[in-house]
Amino acid sequence: MSDLKDKIVLVTGAAGTIGAAMAVAIRRAGGMAIASDLSGRTGNDLDLDVTSEADWQRTAAALDKTHGRLDGLVNAAGIVAVGSVEKLDFATWRRVLAVNLDGAFLGCKYAMPLLRKRGGSIVNLSSVSGLVGGHNLAAYNASKGGVSLLSKSVALHGARLDPPVRCNAVCPAFVEGPMIDGIVAGARDPASAHAKLAQEIPLRRLGRPDEVAALCVYLLSDESSFITGADLPIDGGLTAR
Ligand SMILES: NC(=O)c1ccc[n+]([C@@H]2O[C@H](COP(=O)([O-])OP(=O)(O)OC[C@H]3O[C@@H](n4cnc5c(N)ncnc54)[C@H](O)[C@@H]3O)[C@@H](O)[C@H]2O)c1
């Protein structure tokens, strides 16, 4: 297992399926996970609405005061909305872009001064939906495509720093949890919609949050020190064909 000994890592969306698995995996690897999510969610070390610039400024100042640095950031906060370009209303589009893309931008921006002190690693949760389109995922596709390209820009900026700050995008396919439950809930037959999702994956099952967390821990660790600016699918082969 990758080593995160002495590394301090901020996780957004840490009350969610992948974020919670992230916090567990970071601690298991010997690191310090600082779990953040919207106010009122369980397990928060701190409240952080990723769409709020003021929240990010307050968080960065508090982390600087307490720890003096960050070694890693995992932008795991995210929402999904199902809808084609014709069906989706503008308010929903803006909300999805705000959480998924503005949130990742603000995270990278305000964590960077703390990460560049000793060098570090950012992991942005993109999606296979950031790599390929879906007819009914207009906002989610746009947001995750943005996260993947934002990650490359951040990686190129971070590569110019000394010590460098790496940045990568992780692109899971369907992972068991409430996000997928929410997507299939709108179907006429949610159980068969869920089974259909698994059939679309060459490995014939959905992903597990701990599998995504293990990849993110590797990217946070020094073992991945030559990987930056990458989109890493973790999708059971979905985007291989
Ligand atoms: N679950 C999947 O199948 C899947 C697949 C590919 C990518 N992803 C991405 O992985 C990330 C985590 O997904 P998940 O399955 O854990 O989802 P989840 O719904 O279980 O958790 C998302 C978390 O984000 C938090 N959140 C929402 N808006 C927020 C805001 N404004 N500020 C701070 N936190 C906020 C929620 O409170 C929740 O705890 C997301 O970015 C998602 O798009 C998920």
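This is a predicted model: local features need pLDDT of at least 70, side-chain atom pairs count only at pLDDT 80 or more; totals for chains, interfaces and linings use all residues.
Visitor: What makes β1 and β2 a pair of strands?
Guide: Strands are DSSP runs of E with at least two residues, helices are runs of H or I with at least four, and both are numbered from the N terminus. Two strands pair if DSSP finds at least two bridges between them. β1 and β2 run parallel and are joined by four bridges, so they meet the definition of a pair. Val11 has Ala35 in β2 as its bridge partner.

Visitor: Which other strands are joined by four bridges?
Guide: β4 and β5 run parallel and are joined by four bridges, with Asn124 in β5 as the bridge partner of Asn75. Strand β6 (residues 165-172) and β7 also pair in the parallel sense over four bridges. Cys171 stands opposite Pro233 in β7.

Visitor: What is the order of the strands in the sheet?
Guide: The order is β3-β2-β1-β4-β5-β6-β7, seven strands in an open sheet with parallel pairing.

Visitor: Why is β1 called mostly covered?
Guide: Buried means under 20% relative accessible area, exposed means over 50%, and partly exposed lies in between (1.4 Å probe, protein chains only). Five of the five residues of β1 are buried. Ile8, Leu10 and Thr12 point one way, Val9 and Val11 point the other way, and all are buried. In a regular strand the side chains alternate between the two faces of the sheet.

Visitor: How many residues of β5 are buried?
Guide: In β5, six of six residues are buried. Gly120, Ile122 and Asn124 point one way from the strand, and Ser121, Val123 and Leu125 point the other way.

Visitor: How do you know that helix α2 lies across the sheet strands, and at what angle to β1?
Guide: Contact means heavy atoms within 4.5 Å. Axes are lines fitted to C-alpha atoms, for helices over the stretch in contact, and angles run from 0 to 180 degrees between N-to-C directions. Helix α2 (residues 53-67) lies across β1 (8-12), β2 (32-37), β3 and β4 (72-75), and runs at about 160° to β1. Helix α4 (residues 138-159) packs on the sheet too, touching β5 (120-125), β6 and β7, and its direction makes about 160° with that of β6.

Visitor: Why is Leu63 called buried?
Guide: Leu63, in helix α2, has a relative accessible area of 4%, so it counts as buried. Apart from neighbours within four places in sequence, its contacts include Leu10, Ile34 and Leu46. Leu63 and Leu10 are 53 residues apart in sequence and 9.3 Å apart in space, C-alpha to C-alpha.

Visitor: Why is Asn141 called buried?
Guide: Asn141 is found in helix α4, and its relative accessibility is 14%, so it counts as buried. Not counting residues up to four places away in sequence, Asn141 touches Ser129, Val132, Gly133 and Gly134.

Visitor: What surrounds the ligand?
Guide: A residue is near a molecule or strand if one of its heavy atoms lies within 4 Å of it. The ligand is surrounded by 30 residues, the closest being Ile18, Asp37, Arg41, Tyr140 and Val175. At least two residues of the shell come from each of α1 (17-28), α3 (90-115), α4 and α5 (178-185). α5 gives the most, with three residues.

Visitor: How far is the side chain of Asp37 from an oxygen atom of the ligand?
Guide: An N or O atom in the side chain of Asp37 is 2.6 Å from a ligand oxygen atom. For the side chain of Tyr140, the distance to an oxygen atom of the ligand is 2.6 Å. A polar side-chain atom of Lys144 lies 2.8 Å from an oxygen atom of the ligand.

Notes. Residues are numbered from 1 along each chain as its sequence is written. Side-chain values use heavy atoms; hydrogens and water are left out. A polar contact is a pair of N or O atoms within 3.5 Å; within protein, one must be able to donate a hydrogen and the other to accept it, and residues adjacent in sequence count only if both atoms are side-chain atoms.
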